Amino acid sequence: NFLLEAILFLLWGLCCCKIGWDSVMRMSADLRDLFLYEVFLYYNPLFLVALMIWLWGVNLWVFAQSSVNYVKVFDLAQTHLSHREIWRCATWLTLIVPTSMTAYLYLYSHGEVSLAASQPVLLYAILLIVLLSPFDMFYLSSRFYFLRTMLRIVLPLQAITFPDFFLADIFTSMSKVFSDLERSVCRMVNRQVATIAWFEADSICGSHSIAIPLVLVLPYLCRFFQCIRQYKDTKEKSCLLNALKYSTAVPVIFLSALKYHVFPDQWVSFYRPLWLISGVINSLYSFYWDIKRDWDLSILTRIFMFKSPSTWTSLLYGRNWVYYWVLGSNLVLRCTWTYKLSAHLRHNYLTVFAITALEMLRRFQWVFFRVENEWNKMTAKQNFEMSSDMPSESDRLLESSSHTV
């Protein structure tokens, strides 16, 4: 059964590639690049969402094989989605998105412009209806849990729970996805789908739009206010330091956006050096926070000396190189985050897509250590509470001596 499904999936993929390639080759060479950029803008964020769902399924599968009780960490209900159900959702998304894109390319190349323009609009509408549907279908309880958590992220009016800031952290890695979604919806609302009119009216939905940096910075602002709320509840100074980390992303984003609003000489001589400095500060600060706070790894004892190997090194055949790989890749991909936000890359969509996908892979491996660290804290707290509730040996002796015969 699985082999048959895999063969059908492969055949479907080959058909989409063949039809899409033939459709692109039918277009005139002078408009091909502009059109492909527009097509990619509609569908690349959904491809990246599908990738994130696939990787989350792998995270859950690994947790199920280990001693980390992720159900308790995230306070999930008994009806929570398993890794198989997560992969099923990812499979459907992986099927639907390329099919819609292939239909878009085919219809446009054959002169059916209005039908082509309806394809991304129809796809986005269907996905939104499925996500917001109040009916008991398509994993209603899990969708409600996800939407409720999103609302708590946007409006941190209650005490911040682990799922709240965990999902908000993942959203910071998907800031470019949200930005592309905003630009896609903007084109749909302004009826600029399947046309290059958007290129002429660039101030509406294009590179000069102020909405781009606003949407990019939104996940970081949400996380910033979560940290402020945590400090209000706990009075821990580490919450303020964490808030400072997220605030360092703001100048990176807005200095990059200034490229489209200042003279080129001003950008090269003044704003670009500031952008590079702010990017280095954000990358190094975030890297330090990952290994010291989120993963609770002491550089001298757990990274280079390996006195206390974690669950994941034992799971991966006890190889110490896992730590070296995680450290090196995390540092490199933290730095590429700044490059991804470079303003001159907005039309270099393949490069941005690759860097965004790599950022999701970085977040994917971050999840393992972050959830394990939280589970270790929970078990340590439970063990402490149990030991404090148990009477000591001296108390038991005193109790026994007070008995009368």
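The largest cavity holds about 160 Å³ of space. Among the 17 residues lining this cavity, Thr172, Tyr220, Ser286, Arg334 and Arg363 are the closest to its centre. The structure is a predicted model, in which local features need pLDDT of at least 70 and side-chain atom pairs count only at pLDDT 80 or more, while totals for chains, interfaces and linings use all residues. Residues are numbered from 1 along each chain as its sequence is written, and side-chain values use heavy atoms, with hydrogens and water left out.

**Overall fold**

The protein has 19 helices and zero strands; helices (H or I, at least four residues) and strands (E, at least two) are DSSP runs, numbered from the N terminus. Of its 405 residues, 44% are buried, where buried means under 20% relative accessible area, exposed over 50% and partly exposed in between (1.4 Å probe, protein chains only). Among contacts with a separation of 6 or more, 72% join residues 24 or more positions apart; contact means heavy atoms within 4.5 Å.

**Cavity and pocket**

Rolling a probe the size of a water molecule over the atoms shows where empty space is left. On a 1 Å grid over the protein atoms alone, a cavity is a set of points where a 1.4 Å probe fits but cannot get out, and a pocket is an open set with protein on both sides within 12 Å along at least five of seven lines; lining residues have an atom within 4 Å of a point. Grid points are joined across faces, edges and corners, and a volume is the space filled by probe spheres set on the points. A search of the whole structure gives five cavities of 30 Å³ or more.

The table sets out two of these spaces; Ala, Val, Leu, Ile, Met, Phe, Trp, Tyr, Cys and Pro count as nonpolar, Asp, Glu, Lys and Arg as charged, and the others, Gly among them, as polar.

| Space | Volume | Lining by class |
|---|---|---|
| Largest cavity | about 160 Å³ | four nonpolar, five polar, eight charged residues |
| Second largest pocket | about 530 Å³ | five nonpolar, five polar, 11 charged residues |

Helices α7, α12, α14, α17 (321–340) and α18 each give at least two residues to the lining of the largest cavity, and α14 provides the largest share, five residues. For the second largest pocket, at least two lining residues come from each of α7 (162–173), α11 (211–234), α12, α14 (264–294) and α18 (349–389).

Helix α14 has a kink of about 45° at Tyr271, shortly before Pro273; the bend is the angle between axes fitted to the seven residues ending at a residue and the seven starting there. After α14 comes Asp296, with a positive phi near 55°.

**Cys239**

Cys239 lies in helix α12 (residues 237–247) and counts as buried because its relative accessibility is 9%. Leaving out residues up to four places away in sequence, Cys239 touches Cys227, Gln230, Tyr231 and Thr234. Its C-alpha atom is separated by 9.3 Å from that of Phe224, 15 residues apart along the chain.

**Nonpolar cores**

A nonpolar core is a set of buried Ala, Val, Leu, Ile, Met, Phe, Trp, Tyr and Cys residues joined through side-chain atoms within 4.5 Å. In the largest core, of 41 residues, Phe63, Phe166 and Val371 touch the most other members. Helix α18 supplies the largest share of this core, 10 residues. Beyond residues up to four places away in sequence, Phe166 touches Trp56, Phe74, Trp366, Val367, Arg370 and Val371.
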